[in-house]
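My notes follow in the order I looked things up.

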Amino acid sequence: MKRAAIGTGASVANWDERFLALAEHVAHWSKDPSTQTGAVIVDANRRVVSLGYNGFARGVDDTPERLNDRETKYKMIVHCERNAILFASGNTAGSTLYTWPFMSCAPCAAMIIQAGVIRCVAPQNDNPRWAPDFLLSKEMFKEAGVELVLTDPVLANDWLIPMNVGEHG
Ligand SMILES: [Zn+2]
């Protein structure tokens, strides 16, 4: 029986796909009604160090009133990568961070750099709403020497352009 190459044979891209798929899975644990994001941190041996999704701080009530009021929500919510970094308890030096469905915002990028993450992998996303922020993150990663890998765009979230429109019509 032919076995799938795991470890020596599997390409980096293959592992990136697996961990991005895990980040996607974790994103669905979020209670945010509009944007669900997930993060996975793995160490140099590809062991999962931490997981995170976007949500309110532990013990803070995630009521529909708060979740459905964007302004309030943005002030209260902890982004997925910040949760992942916090729960990793300092074990993030030299790690790779996977985020889904898009790369990190600039404030998170700063924390990622300070946490010692050396590589970030996320799907490419061209949403104009986030473009200036992503540009800033890219600049910061470049200056700080964090490798950024953007994979093919994914179909996700309410605001993404549905690329398969017409295919099933
Ligand atoms: Zn962020």
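How many bridges join strand S3 to strand S4? I found three, between S3 (residues 96–100) and S4 (residues 119–123), and the two strands run parallel. I call strands paired if DSSP finds at least two bridges between them. My elements are DSSP runs numbered from the N terminus: helices are H or I of at least four residues, strands are E of at least two.

Before going on, I noted the ground rules. This is a predicted model, where local features need pLDDT of at least 70, side-chain atom pairs count only at pLDDT 80 or more, and totals for chains, interfaces and linings use all residues. Residues are numbered from 1 along each chain as its sequence is written.

**Sheet.** I read the strand order as S2-S1-S3-S4-S5, an open sheet of five strands with mixed pairing. Strand S2 (48–53) and strand S5 (147–151) are at the edges; each has a single partner strand, so one side of each lacks a neighbour in the sheet. The twist averages 15° from one strand to the next. Angles run from 0 to 180 degrees between N-to-C directions, with axes fitted to C-alpha atoms, for helices over the stretch in contact.

**Around S4.** I followed S4 to its other partner. S4 and S5 pair in the parallel sense over five bridges. Toward S5, cysteine 120 is bridged to leucine 148, and alanine 122 to leucine 150.

I then checked burial in S4. Four of its five residues are buried (20 or more other C-beta atoms within 10 Å of a residue's own, C-beta atoms being placed from the backbone).

**Crossovers.** I logged S3, H5 and S4 as a right-handed β-α-β unit. S4, H6 and S5 make a right-handed unit of this kind too. Right-handed means that, with the strands pointing away from the viewer, the path from the first strand over the helix to the second runs clockwise.

**Helix H1.** Last, I placed H1 (residues 12–27). H1 lies across S1 (38–42), S2, S3, S4 and S5, at about 135° to S1.

How values were computed:
Contact = placed C-beta atoms within 7 Å. Buried ≥ 20, exposed ≤ 12 C-beta atoms within 10 Å, placed from the backbone.
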